[in-house]
Amino acid sequence: MRVLLIEDTVDLGQAVREQIADDGHAVDWVQRLDHAELSVQSTAYDLILLDLMLPDGHGIDFLRRRRTAGDTTPVIILTAMDQLSDRIAGLNAGADDYLVKPFDLSELSARVAAVARRYSGNPNPQIQLGELHINLSDRTILRGDVRVDLTAREWTLFETFIQRPGALFSKSQLEERLYELGAEIESNTIEVYISHLRKKLGFHVLETIRGMGYRLGSA
């Protein structure tokens, strides 16, 4: 997924960015709401991680503006505001989850994965795809009785397909899933990863639509 992190505390922001990146997601990190507004106008995000007390305003106001504008991007609030009234206000403003600081980074990863599954229309973490048994929660794949190990970026790419079966993804869309803004992208990167996935999971698991992109095929 492509994630926007809005957090002004440097140490926490760095830790969260590293955790989410280690989970295989591309993360854009901003520390102000005006920068966040520019980011959502130029980039389509799959998830927003939102602090509330920011230097130039309150995260709730940003969230309400996004929802009023029709933005349905899932939002997880990350905040030290721990009163019940704060949680209710955040959820009523349109947040999908509310996590109080300090929190364990592994819990954040689990909540990110749970929200992503809900929005993909597949809340079940267990998927059977031909001979592949996939567990989205712990990121394991069995091909028959043999475990298949994927790198973080291979998993991110494959998860893009299995979360939206039947969808066709262009090369540029897949590149967006893998890289943060400003990262250098080699021309054959997607082709290389697709080749790796086919070797590990079966040639027919990903289908090439010539001149258009790729989609989930038959395992």
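Modeller: What follows starts with the salt bridges and moves on to a strand, a helix and the aromatic rings.

The model is predicted. The count of salt bridges in it comes to 16. One of them joins the side chains of Asp 51 and Lys 101, at 3.2 Å from N to O. This pair links distant parts of the chain, 50 residues apart: Asp 51 sits in the loop between β3 and β4, and Lys 101 in the loop between β7 and α5 (105-120). Asp 51 is buried, because its relative accessibility of 4% is under the 20% cut-off. Lys 101 is also buried, with a relative accessible area of 18%.

The side chains of Asp 34 and Arg 32 meet at 3.1 Å, N to O. Asp 34 has a relative accessible area of 33% and is partly exposed; Arg 32, at 32%, is partly exposed as well. Arg 215 and Glu 207 form another bridge, with an N to O distance of 3.1 Å. Here Arg 215 has a relative accessibility of 32% and counts as partly exposed, while Glu 207 is partly exposed at 33%.

Next, the strand β7. It spans residues 97-100 and contains Asp 97. Asp 97 counts as buried, at 16% relative accessibility. Leaving aside residues up to four places away in sequence, Asp 97 touches Val 75, Ile 76, Ile 77, Leu 91, Arg 111 and Val 115.

Helix α2 covers residues 33-42, and its buried residues are Leu 33, Ala 36, Glu 37, Ser 39 and Val 40. Seen down the axis of α2, these residues fall within an arc of 165°, so they line one face of the helix. On the other side of α2, Leu 38, Gln 41 and Ser 42 are exposed. The buried residues of α2 pack against several elements: the strands β1 (2-6), β2 (26-30), β3 (47-50), β4 (53-54) and β5 (57-58), and the helix α3 (59-68).

Last, the aromatic rings. A search of the whole structure finds 1 aromatic pair. It is formed by Phe 161 and Phe 169, whose ring centres are 5.5 Å apart and whose planes stand at 85°, so the pair is edge-to-face. Both Phe 161 and Phe 169 are buried. Elsewhere, Arg 198 lies over the face of Phe 203, at 5.1 Å from the ring centre.

Methods: Residues are numbered from 1 along each chain as its sequence is written. This is a predicted model: local features need pLDDT of at least 70, side-chain atom pairs count only at pLDDT 80 or more; totals for chains, interfaces and linings use all residues. Side-chain values use heavy atoms; hydrogens and water are left out. Helices (H or I, at least four residues) and strands (E, at least two) are DSSP runs, numbered from the N terminus. Buried means under 20% relative accessible area, exposed over 50%, partly exposed in between (1.4 Å probe, protein chains only). Contact means heavy atoms within 4.5 Å. Rings of Phe, Tyr and Trp (its six-membered ring) pair if their centres lie within 6.5 Å; planes under 30 degrees apart count as stacked, over 60 as edge-to-face and the rest as tilted. A charge sits over a ring if NZ of Lys or CZ of Arg is within 6 Å of the ring centre and within 35 degrees of the ring normal. The arc is that of the directions from the helix axis to the C-beta atoms. A salt bridge is a side-chain nitrogen of Lys or Arg within 4 Å of a carboxyl oxygen of Asp or Glu.
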